[in-house]
Amino acid sequence: MDGTELRALVEAERERFGVAGLSVVVIRDGEVVVADGFGTRDKTDDLPATPTTLFALASDTKHFVAAACALLVEDGLLEWDRPVRDYLPDFALHDPHATALVTLRDLLAHRTGLPRHDALNAWSGTRLSPEEVVRRLRHLQPSAALRQTYQYNNLAYVTAGHLLGVLTGGDWETVVQTRLLDPLGMTATCFSREVAEKTGDIAVGYDMDGVAVPKRGEGRRGPAGGILSNAEDVARWLLARLGRPTEGGCRVLSDAALTALTTPSIVEPVGLARFPEIVKTGYALGTSTVVYRGVRVVHHGGNIDGFCSDLLLAPDRGHAIGVVANISGSGVRDAIPLAVLDRLLGLDPLPWGERWHALMSSYRGGALAARDQLRAAPEGGPPSRPLADFAGRYAHPAYDVVDVSVDPGGDALRVSYHGYDDIEVTHKDVDVWDLQVPGYDLALTMSFRAGPHGVEDLVIPLEPMVDPIVFVREPAVLTDAEVSRLVGAYSMGDIALDVARDGDLLVAEIPGMVRAVLQARDALRFTVPGRSGLSVTFTVDDAGRVERLLLAPFGVFAPSAAVDG
């Protein structure tokens with residue numbers, strides 16, 4: 001199979017799947033046959049994809065992290081099967097048993113007991129540093145026991161990346177750069193979209209509808225999916241993984257390292273895409289292992305905002321294929337490597353393009369149909385209270401903060417989460433709303449739970465494998481003027497009550513009877529932490545002056561004398 005035939009195959013599949021641009025590498029018997037861009041990197045300006053165009057490798061970043069770990073193992077700085085806590089004393093999971101026993105191998109083989117929990121970091125973004133992600137792991141509910149089953153988990157790779165930085169006194173990017181990229185001459189490969197954009201040769205990511213995916217945050221995706229590369233550099237990486245030296249004779253991965261990285265550590269579920277020619281043999285470290293038509297194959301796929309990838313190797317034959325496309329979740333990344341591999345192996349080609357196109361069309365069609373049916377269901381009863389009562393900040397110790405506000409029109413709620421300010425919010429039934437996150441086909445719901453003093457919690461099923469995530473309402477933050485107008489002396493007959501500042505706190509006290517630290521729900525309503533039966537509500541006149549204070553359940557107090565606020 002020559003380069004002309006390969007290029008024709010790639011172009012045919014690009015058109016079948018409706019992909020704007022591709023970066024494709026084909027290596028046969030240890031020799032690069034194709035390393036090029038196909039189609040368009042930017043539809044708006046009709047810019048071509050070239051061998052130097054940078055695409056996001058998405059989760060194919062994971063094998064770089066695993067390979068860097070292998071190098072530190074060879075250096076004696078790490079052991080595959082030593083507890084992570086020996087290296088990171090503050091490391092903790094929700095399960096104390098797992099905390100004590102989780103190893104580097106467990107992290108890299110996705111067998112910690114944690115499901116994805118991707119929304120913690122904005123659906124695989126890096127709003128949080130690796131160190132902060134690791135600190136939050138203890139607040140995440142597991143869905144299985146340690147080593148019980150394979151559960152893909154991006155946060156485990158963030159942890160491994162953090163470990164690389166701690167052990168070397170730097171960060172994971174420096175380890176990958178100095179130990180892998182620099183020796184291999186991968187000079188264009190980088191770790192953030194900002195850096196890639198400076199080259200002027202970066203692909204624009206598109207969703208399945210062909211709409212450009214907006215860049216959110218600082219454009220860094222971290223150890224789970226943060227590397228961007230081009231066809232020329234990916235060719236160098238695949239040659240290294242085949243055990244081939246560079247032009248200068250450099251070989252970064254030893255036979256022992258390659259064996260460790262590609263030996264299965266846990267059984268990987270067959271999943272829904274069952275093709276008889278593909279027999280899964282397990283998940284190794286940053287790569288899946290299969291037997292394909294009698295040939296050992298290692299590969300890993302990736303999906304991230306606007307991009308998908310798959311790097312596939314038949315190491316015993318010296319073949320490798322890399323495909324990266326600027327489209328989210330497309331089967332083109334799976335079809336091309338298998339179609340090319342058939343030809344490299346001299347086998348009768350199977351209709352992989354047709355198979356994967358039909359399969360992915362069914363998946364997406366089903367997801368969209370389910371979403372549309374949920375949307376079409378008739379709206380239930382109206383909200384239980386005014387929309388303003390739902391507005392506020394709701395926090396979770398791992399998932400952080402969801403901001404809920406009332407639309408300026410006053411007839412709908414708005415939701416902001418991790419930089420997603422354009423989430424579509426639709427009222428569903430009483431205190432339940434539907435959420436649609438831009439760029440994702442998944443539909444979520446959010447529901448509010450009330451307590452003695454009004455709305456207390458926000459519940460969103462962000463991780464389907466565990467209980468819904470509960471966000472607790474945070475106290476409102478008041479201005480100095482809002483606090484100052486409440487400070488003063490109040491009375492109810494002969495009973496005096498003082499409202500005063502105590503540092504940053506506002507305190508209501510009946511001398512000798514009760515002292516309550518107040519927590520603001522809004523500018524006039526307060527609760528008392530630890531005392532669910534107490535609340536304080538101020539009423540003001542049209543000029544904003546306090547008319548009375550309700551200390552429930554004790555009574556109603558009137559201002560008796562103002563004090564300096």
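Visitor: How many bridges join β20 to strand β21 (residues 505-510)?

Guide: First, pairing in general: two strands pair if DSSP finds at least two bridges between them. Helices (H or I, at least four residues) and strands (E, at least two) are DSSP runs, numbered from the N terminus. Here, five bridges join β20 to β21, and the two run antiparallel. A500 stands opposite V507 of β21. Before we go on: this is a predicted model, where local features need pLDDT of at least 70 and side-chain atom pairs count only at pLDDT 80 or more, while totals for chains, interfaces and linings use all residues. Residues are numbered from 1 along each chain as its sequence is written, and side-chain values use heavy atoms, with hydrogens and water left out.

Visitor: Which residue takes a positive phi in the hairpin of β20 and β21?

Guide: That's G503, with phi near 70°, in a hairpin that has two residues between the strands.

Visitor: What is the strand order in the open sheet of eight strands?

Guide: Read across, it goes β13-β12-β11-β18-β17-β16-β15-β14, with antiparallel pairing. β13 (413-417) and β14 (424-429) each have a single partner strand, so one side of each lacks a neighbour in the sheet. Neighbouring strands are turned by 30° against each other on average, direction ignored (axes are lines fitted to C-alpha atoms, for helices over the stretch in contact, and angles run from 0 to 180 degrees between N-to-C directions). Inside the sheet, F448 stands opposite L458 in β17.

Visitor: Is H396 buried or exposed?

Guide: Buried means under 20% relative accessible area, exposed over 50%, partly exposed in between (1.4 Å probe, protein chains only). H396, in strand β11 (residues 392-396), counts as buried at 14%. If contact means heavy atoms within 4.5 Å, then H396 touches H139, I469, V470 and F471, leaving aside residues up to four places away in sequence.

Visitor: Which residues have the most contacts inside the largest nonpolar core?

Guide: A nonpolar core is a set of buried Ala, Val, Leu, Ile, Met, Phe, Trp, Tyr and Cys residues joined through side-chain atoms within 4.5 Å. The largest has 113 residues, and L180, Y399, M446, F448 and F471 have the most contacts inside it. Helix α2 (residues 61-75) gives the most to this core, with nine residues. A second, separate core of 34 residues includes V295, A314, I327 and W356.
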